Amino acid sequence: MDGARPACKRLCRAVVCVCATLLAVLLGVPGSANAQTPRTVVTFTLDDGSVSQISGARILSKYGMRGTFYVVSGSIGARSYLSLDDLRALAAAGHEIGGHTVNHPDIIAVSPDEARREICQDRANLVHWGFRPTSFAYPFGSFNREAEQAAQDCGYNSSRVTGSIRTGHGCSNCAPAESVPPLNPQMVRGTGMIDPEWTLEDLQQVVLRAEASGGGWVPLVLHQTCDFCGPLSISPVVLDQFASWLAQRQANGTVVRTVDQVIGGGFRALVSPPAPAPRDGLVNASLEEPGPRGWVQSSWGQNNPQWTMVGDAHSGRWAQRLDITEYTSGDAKLMQQLDMGEAAPAAHANNTYDLSAWYKSTAPTQLAVYRRDETGVWRYWITSPWFGASADWASAKWTTPSAPEGTTGLSFGLTLAGRGSLTTDDYGLHEHVIPKGEAFCARLPWISLLRWLC
């Protein structure tokens, strides 16, 4: 037995050597000469799902790098955003697809249940599309303990924040890097949001500072990849130069990894979000509560909407006035918050809805109606006939057709589609529940014998 021990020791040393070599390869360390070099991990995180990120992904792939794309599932396929095919192409190229909520709300400004609906449904949407999301990023970088718990409860292994790593553009008292593993995986520290003011040197200094401090994890927070196309854009030229420089840092023990590669933990089962609490009527229907709470000021096209809380109310103390002085296209309107149920009223397929609002206007107006589907995504549905301008308070009333299949919520508002002024107050909604048999008949073609029999 004693004669076998030297051979056993040699075998053990060989196994250890092989394991160490494999570990070095997996971690991106080129060889034993760098075994004492501090190791730094850089992660490219790209938020929101802007279509310009395709350019960023190509640059990363050019240098054999992969990023983590935190996408807003409710925006996928919308104008200026990635399509579902784009997402699948990113995943096929090795990039990670992570969650960023359905509608991109400020998570700390909504209730814990609403946060769970946004986060859990967003993750369910991504899974339904064929992805395996394990990483999440808080919209606007805003978080609190309730948000952390919601992200964890919805099945995410990590959640990234912003503005928590020292850079030349802020957070001078912050640490130069996140630890590996992070102390709190539901509060992974990231840089501030990179914008056009960031230079190649700024990006390099973030990495060099982390290397000099002993290494760690540097999640970079990017949004758009284009030349001055938005307030949070980075030039493709700068990104290409940085990625080229970063590819040469492996000799210093610096590697590029996705969030999932750093965190690990595997895929967790989906969790159903809590249903919205039932309620009668609209939230803050008379617009008396500041904000006004439960409402959103919406516009599209080229115009300059200006909103004012005024004392010229139909009832109560306050109303909301909309003024447009410059107009080229589109419209503006006040409508119920486009959320997952905290403010937006619930709706159901096949039912019809009586909509109403009181108004004063110097121009014609009409009711624009949006609907939420089963994935939490909001889409334009329909508009009412026009209501004439009125110097005195007038009532706008209209009944919708049957709501399409998959409808789970409604939002509506009176529009101003030109120069003028519109004051609104006292909104109302009443649901007409259509029996299932009648709903089935209503969907049949007019010439159908079955519909005649109904």
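Visitor: Which residue of strand 16 stands opposite Y370?
Guide: In this predicted model, Y380 is the residue of strand 16 that faces Y370.

Visitor: What makes strand 15 and strand 16 a pair?
Guide: Two strands pair if there are at least two bridges between them.

Visitor: What lies between strand 15 and strand 16 in the hairpin?
Guide: Five residues separate the two strands. G376, in the turn, has a positive phi of about 90°.

Visitor: Why are helix 6 and helix 7 called roughly parallel to each other?
Guide: Angles under 35 degrees count as roughly parallel. The axes of helix 6 (residues 200–212) and helix 7 (residues 236–247) cross at roughly 30°, and they come within 9 Å. The angle is under the cut-off, therefore the two helices are roughly parallel. Their crossing is right-handed.

Visitor: Which residues of helix 6 and helix 7 meet?
Guide: L200, L203, Q204, V207 and L208 of helix 6 meet V238, Q241, F242, W245 and L246 of helix 7. The residues of this contact divide into eight nonpolar, two polar and no charged.

Visitor: Why is helix 2 described as roughly parallel to helix 7?
Guide: Helix 2 (residues 53–62) packs against helix 7 at an angle of about 20°, with the axes 9 Å apart. The angle is under 35 degrees, so helix 2 is roughly parallel to helix 7. The crossing of helix 2 and helix 7 is right-handed. On the helix 2 side the contact is made by S55, G56, I59 and K62, and on the helix 7 side by P236, L239, D240 and A243.

Visitor: What are the numbers of nonpolar, polar and charged residues in the contact of helix 2 with helix 7?
Guide: There are four nonpolar, two polar and two charged residues. G56 belongs to this contact, and Gly counts as polar under the scheme used.

Visitor: What makes strand 11 and strand 17 edge strands?
Guide: The open sheet of five strands has the order 11-12-19-14-17, with antiparallel pairing. Strand 11 (303–310) and strand 17 (390–399) each pair on one side only. Neighbouring strands of this sheet are turned by 25° against each other on average, direction ignored.

Visitor: How many bridges join strand 14 to strand 19?
Guide: Nine bridges join strand 14 (residues 352–361) to strand 19, and the two run antiparallel. At least two bridges are needed for a pair, so strand 14 and strand 19 qualify. T352 has H432 in strand 19 as its bridge partner.

Visitor: Why is I434 called partly exposed?
Guide: Buried means under 20% relative accessible area and exposed means over 50%. I434 has 23%, which lies in between, so I434 is partly exposed. I434 sits in the loop between strand 19 (420–432) and helix 9 (436–442). Its C-alpha atom is 9.7 Å from that of H348, a residue 86 positions away along the chain.

Visitor: What share of the chain is buried by that definition?
Guide: Of the 454 residues, 48% are buried. The chain comes to 10 helices and 19 strands.

Visitor: What share of the contacts between residues at least 6 apart in sequence joins residues at least 24 apart?
Guide: The share is 75%.

Note on methods. Residues numbered from 1 in each chain as written. Predicted model: local features only at pLDDT ≥ 70, side-chain atom pairs only at ≥ 80, totals over all residues. Heavy atoms only, no water. Axes fitted to C-alpha atoms, helices over the stretch in contact; angles between N-to-C directions. Helix = DSSP H or I, 4+ residues; strand = E, 2+ residues; numbered from the N terminus. Parallel < 35°, antiparallel > 145°, perpendicular 65-115°, else oblique. Left-handed = near helix turned anticlockwise from the far one by under 90°. Contact = heavy atoms within 4.5 Å. Buried < 20%, exposed > 50% of the residue type's maximum accessible area, 1.4 Å probe, protein only.
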